Amino acid sequence: MKEAEHTDLLWCLWVDTRRRVVSFHETEDCELLEFRSQELFLRCIDQYTEQQYRYQ
C-alpha cells in the first residue's frame, strides 16, 4: 500500500449516547465519528467499552 493510500483510510463509528450504543455501520439518530488514525479509532472504542456501551 502506498503512503498516499494509507492516509486516505477512514475509520467510522456511529454513537448513540442516549441508548449507549456504538455501531460500526450507519444508523439513524446516531452521531458519526470519523478517524484518519487507526490508533485514535481504537482508543475511542476502548473508551466506550470502559463506559459499558453496547456494540452492534
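Leaving aside its neighbours within four places in sequence, which residues is C30 in contact with? The residues are W14, V15 and D16, where contact means heavy atoms within 4.5 Å. This is a predicted model, in which local features need pLDDT of at least 70, side-chain atom pairs count only at pLDDT 80 or more, and totals for chains, interfaces and linings use all residues. Residues are numbered from 1 along each chain as its sequence is written, and side-chain values use heavy atoms, with hydrogens and water left out.

C30 sits in the loop between β2 and β3; helices (H or I, at least four residues) and strands (E, at least two) are DSSP runs, numbered from the N terminus. C30 counts as buried because its relative accessibility is 17%; buried means under 20% relative accessible area, exposed over 50%, and partly exposed in between (1.4 Å probe, protein chains only). D29 lies in the loop between β2 and β3 too, but counts as exposed at 70%.

D29 has a positive phi of about 60° although it is not a glycine. R20, in the loop between β1 and β2, also has a positive phi, near 60°. Most residues other than glycine have a negative phi.

The strands form an open sheet of four in the order β3-β1-β2-β4, with mixed pairing; two strands pair if DSSP finds at least two bridges between them. At the edges are β3 (31–35) and β4 (54–55), each pairing on one side only. β1 (residues 11–16) and β2 (residues 21–23) pair in the antiparallel sense over three bridges, and V15 stands opposite V22 in β2.
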